[in-house]
Amino acid sequence: MADLLVIDLEMCKVDRNVTKGSGVYLDHEIIEIGACILGKKNKIRDEWKSYVRPQHGSLDSYISELTGIKDIDLSMAPVLADALKKMANWINGRELTAVSWSDTDEIQLSIEMEQKGIKNEVIEKLLTDWADIQKSYDRLTKATRSTSLENAMRAEGVRPDGRLHDGADDARNTALLIAKLFEEGKELEMEPINQTFEYHDDANDEFNVSPFAGLFKF
């Protein structure tokens with residue numbers, strides 16, 4: 001199996017009244033990318049992070065308090081297309097399988113790249129077989145509802161490193177949890193995420209239901 005690229009995204013909200021009629025259908029925008037590489041010996045081999053400057057949304061007080069991200073962090077940050085170029089350069093041809101805790105990160109990145117017309121072969125390749133570790137863990141433990149990363153770490157005896165809802169720290173903590181499970185001989189299914197969405201500019205349209213409904217309710 002290829003090394004795992006563990007990714008965590010932090011997002012801000014987009015006011016659909018601001019983008020209405022513009023051809024942009026985004027409910028959220030990425031404001032931070034955290035990533036680390038978990039090698040075959042269950043060791044974190046490399047880490048990377050970048051803040052991302054939103055082009056349509058804005059950072060509110062709730063998200064700032066939740067993530068620790070400030071307006072000053074975003075003011076000089078690259079826009080998503082440039083941040084993804086930097087990420088692709090960091091990956092530097094390494095064969096990796098992307099994973100994240102839940103499917104929302106893969107969905108958001110796919111949607112945002114499509115809506116912004118971003119082309120990046122390295123990132124597009126990652127999206128084709130991106131796996132949802134939360135779903136894999138829930139299957140492993142026969143959970144009847146989705147397990148938060150914090151609760152899964154507590155259940156498996158993994159001490160958190162850093163703060164919750166920091167992209168880099170959440171990526172690292174997800175990797176530490178995966179490593180612990182692998183070391184104990186527990187198998188996680190790496191089934192690729194397969195999501196398809198329709199976009200409509202009418203906020204009342206029945207198809208226009210955000211995949212992130214309730215995402216920021218913790």
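**Strands, loops and helices**

Author: Ile33 stands opposite Ser50 in β3, where a strand is a DSSP E run of at least two residues, a helix is an H or I run of at least four, and both are numbered from the N terminus. Before going further, this is a predicted model, in which local features need pLDDT of at least 70 and side-chain atom pairs count only at pLDDT 80 or more, while totals for chains, interfaces and linings use all residues. Residues are numbered from 1 along each chain as its sequence is written, and side-chain values use heavy atoms, with hydrogens and water left out.

Reader: OK, and in what sense do β2 and β3 pair, over how many bridges?

Author: β2 and β3 pair in the antiparallel sense, over 7 bridges, and pairing here requires that DSSP finds at least two bridges between the strands. Within that pairing, Gly34 stands opposite Lys49 in β3.

Reader: What do β2 and β3 form, and how many residues are between them?

Author: β2 and β3 form a hairpin with 5 residues between them, and in its turn Asn42 has a positive phi of about 60°.

Reader: How many strands form the sheet, and in what order?

Author: The sheet is an open one of 5 strands, in the order β3-β2-β1-β4-β5, and its pairing is mixed. The edge strands are β3 (44–51) and β5 (131–132), each of which pairs on one side only.

Reader: Then β1: how many bridges join β1 to β2?

Author: There are 10 bridges joining β1 to β2, and these strands run antiparallel. Lys13 stands opposite His28 in β2, and Asp8 stands opposite Gly34 in β2, the Gly34 that also stands opposite Lys49 in β3. With strand β4 (residues 96–100), by contrast, β1 runs parallel, joined by 4 bridges, and there Leu4 stands opposite Thr97.

Reader: How many residues of β1 are buried?

Author: Strand β1 (residues 3–13) is mostly covered, since 10 of its 11 residues are buried; buried means under 20% relative accessible area, exposed over 50% and partly exposed in between, using a 1.4 Å probe and protein chains only. In β2, 11 of the 11 residues are buried, so β2 is largely enclosed by the rest of the structure.

Reader: Where is Glu32, by the way? And is Glu32 buried or exposed?

Author: Glu32 is found in strand β2 (residues 28–38), and Glu32 is buried because its relative accessible area is 1%. Leaving aside neighbours within four places in sequence, Glu32 is in contact (heavy atoms within 4.5 Å) with residues including Asp8, Leu9, Glu10, Lys49, Ser50, Ile69 and Asp166.

Reader: Changing topic to the loops: where does Asn92 lie? And is Asn92 buried or exposed?

Author: Asn92 lies in the loop between α4 (80–91) and β4, and because its relative accessibility is 63%, Asn92 counts as exposed. Its phi is near 50°, a positive value in a residue other than glycine.

Reader: And where does Ser102 lie?

Author: Ser102 lies in the loop between β4 and α5, and Ser102 has a positive phi of about 90° although it is not a glycine. At 11% relative accessibility, however, Ser102 counts as buried.

Reader: Now the helices. At what angle do α4 and α6 pack?

Author: α4 and α6 pack at an angle of about 80°, with their axes 8 Å apart; the axes are lines fitted to C-alpha atoms over the stretch in contact, and angles run from 0 to 180 degrees between N-to-C directions. The two helices α4 and α6 are therefore roughly perpendicular to each other; the class covers 65 to 115 degrees, with under 35 roughly parallel, over 145 roughly antiparallel and the rest oblique. Their contact is made by Leu84, Met87, Ala88 and Ile91 of α4 and by Val122, Ile123 and Leu126 of α6.

Reader: What about α5 and α6, at roughly what angle do their axes cross?

Author: The axes of helix α5 (residues 104–116) and helix α6 (residues 121–128) cross at roughly 140° and come within 11 Å, which makes α5 oblique to α6. On the α5 side the contact is made by Glu106, Leu109, Ser110 and Met113, and on the α6 side by Ile123, Glu124 and Leu127.
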